[in-house]
Amino acid sequence: MEEEKVKHVLIREYDEESDFKMVMELEKSCKTIASPSNEGMSILSSMMGDDPLCRIRLYPLHILLIAELPSSGEIVGIVRGCIKYVKIGLEGSTRVTFGSILGLRVSPTHRRKGVGLKLVESIEEWMNKNGASYTIAATEENNAASTNLFTLRRNYIKLSSLSIFVQRLNPPGKDLPEGINFEKLTSDQAISFYHTHVGAKDMYPTDIDMILKEKLSLGTWLCYFKEDNVKINYNNGRITGEYSWAIFSIWNTCEAYKLQVKRSNNYHSSPINNDDDENPKKMACDSIEKPFGFLFLFGLLGEGDRLGELVKSLWRFALKMAENVKDCKAIMTELSFSDPLLHHVPKEVSTASIEDLWYAKKIEKFSSEDDNLDDLVVKGEVGNVFVDPRDF
C-alpha cells in the first residue's frame, strides 16, 4: 500500500551558503541504500570537493532544485538538471534542445510520498522555460521505483539501453601487443574525425569540440594495425582503404567524484584475471568498501574485420594510462546495446557491468519541417547514443 503523501513540500533553487551541509548529508544517506531489487551490482557516485554541482559544472545552463519541508526546514530531495544541444539522425542534420535530468535523490525516510514526482515536475518546468523541446533521464534497469516514476507518472518513453562496464586496475594491466599503432590526435584532428564518423551514431552533442578541448579530456587516440599502413586525411577525418581501425577518447573523472561498487547478497564474483595469485573473492570484497576514481572512455568508434582485436588492445592501453593517474583505480565505458563494439569488450570486464535505461519525453510542441524527427524521439527509436562524458 502506498504511503501517505507529503502535503507541503517547497521546491526551490539550491543555495550553497545555507544548503550545502544538508545536501551533502542527503547524498550520503542515499548512497548507502542498495538497489531496490537487490540484484546484481550498483554503481554509486560519491561527490567530491566543495561543489555539489560538480557533475554538471561544465554545462553553461544548469540548476539544482531542493525539496524542503517548510515546517522543519529539512531537505528531503534534490534534482540536478541541465540544458544540452544534440544532433539526431544519421546525417546529424537536425539540432535539438534537450533538458537532461542528471541526478534525482530523495531521502530514504521520505520515499513513496510524492517528493520525487514534485521534483521531476519542477525540473521539467524549468527545462521548458529554458527552451528544451524534450527531456531525457537515465536510470538503472532494476530500479523499479525510478522507472515507474518516469514511465507511469510522467509518461516517458524508452529511448535507448546502455551497459556500463567497469574494470579495476588490480592486478596491473598486461603489456600492449606488438603490431598495433596508437596514434594520438590533436584536438582539432579529433574534432574533424568525430564530425565525419559520429554520423554513424544517432544522437551526439553539438559542442563536441568543447568536450575534446576541456582539460579533463586526456586525449584521443586512433589505433590500427601497423601492417595495414592506414592513411588518414585529417582535413576531413576520412580513412582511405579497407582497414580495421578504432578511435577512443579518455576523460579523467578522478578529481570530480568517486565510484563505489557494492555487491548484493546473490552476487557471485568471477576472477578478474585468471593468472592472478590472489583470491578473486577477496579482490571483489576490497572493491566494495572503498570509493575510487576512474578514467572514462568515450567516443568509441571502429570498423573492420579485426575490430575485436583493436578493442581489446585499446582497453589495455587505457588500463596502462590509468596506472599513472593519481587516485585512479579503474576504467569505465558505456555502450548502447545496438553498438557493435559492445560485443568486443573483453570478457573479464563484464563481471562489473550494469545496465542503464535512457528515457525521453516531449515537453513542448517541436516546430520542425522534419516530421520524422518527432517520431524518432517520441516513439523511442533512437539506437546508439554518443555518451557525453560530462554526465559523469
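Buried means under 20% relative accessible area, exposed means over 50%, and partly exposed lies in between (1.4 Å probe, protein chains only). By that cut-off, 55% of the 392 residues of the chain count as buried.

This is a predicted model, in which local features need pLDDT of at least 70 and side-chain atom pairs count only at pLDDT 80 or more, while totals for chains, interfaces and linings use all residues. Residues are numbered from 1 along each chain as its sequence is written, and side-chain values use heavy atoms, with hydrogens and water left out.

**Exercise 1. Count the helices and strands of the chain.**

Solution. Start with the rule: helices (H or I, at least four residues) and strands (E, at least two) are DSSP runs, numbered from the N terminus. The chain then has eight helices and 17 strands. Next, look at the contacts, meaning heavy atoms within 4.5 Å. Take those between residues at least 6 apart in sequence: 82% of them join residues at least 24 apart.

**Exercise 2. Find what the buried residues of α7 pack against.**

Solution. First list the buried residues of α7; among them are L307, L310, V311, L314, F317 and A318. An α-helix has 3.6 residues a turn, so residues three or four places apart point the same way. Then find the partners: β7, β8, β10, β13, β15 (293–303) and β16.

**Exercise 3. Trace how β8, β10 and β13 pair.**

Solution. Two strands pair if DSSP finds at least two bridges between them. β8 and β10 are antiparallel over six bridges. In this pairing I180 stands opposite F225 of β10. β10 and β13 are also antiparallel, over seven bridges. Here Y224 has W245 of β13 as its bridge partner. β10 itself spans residues 217–225, and eight of its nine residues are buried.

**Exercise 4. Classify the ring pairs F182–F317 and F193–W245.**

Solution. Rings of Phe, Tyr and Trp (its six-membered ring) pair if their centres lie within 6.5 Å; planes under 30 degrees apart count as stacked, over 60 as edge-to-face and the rest as tilted. The structure holds eight such pairs. For F182 and F317, the centres are 4.7 Å apart and the planes are at 15°, so the pair is stacked. F182 lies in β8 (residues 180–185) and F317 in α7 (residues 307–322), so the pair ties together parts 135 residues apart in sequence. Both F182 and F317 are buried. For F193 and W245, the centres are 5.3 Å apart and the planes are at 80°, so this pair is edge-to-face. F193 belongs to α4 (residues 187–197) and W245 to β13 (residues 245–252), so parts 52 residues apart in sequence are tied together. F193 and W245 are both buried. Finally, F182, W221, F248 and F317 form one aromatic cluster.

**Exercise 5. Which residues have the most contacts inside the largest nonpolar core?**

Solution. A nonpolar core is a set of buried Ala, Val, Leu, Ile, Met, Phe, Trp, Tyr and Cys residues joined through side-chain atoms within 4.5 Å. The largest has 42 residues, and L222, W245, I247 and F296 have the most contacts inside it. Now follow W245. Beyond its neighbours within four places in sequence, its contacts include F193, L222, Y224, L301 and L310. A second, separate core has 31 residues, including C223, F248, C328 and V349.

**Exercise 6. Are N155 and D327 exposed or partly exposed?**

Solution. N155 is in the loop between α3 (144–153) and β7 (157–168). Its relative accessible area is 55%, so N155 is exposed. Its phi is positive, near 60°, and it is not a glycine. D327 sits in the loop between α7 and β16 (328–336). Its relative accessible area is 44%, so D327 is partly exposed. D327 also has a positive phi, about 70°, without being a glycine.
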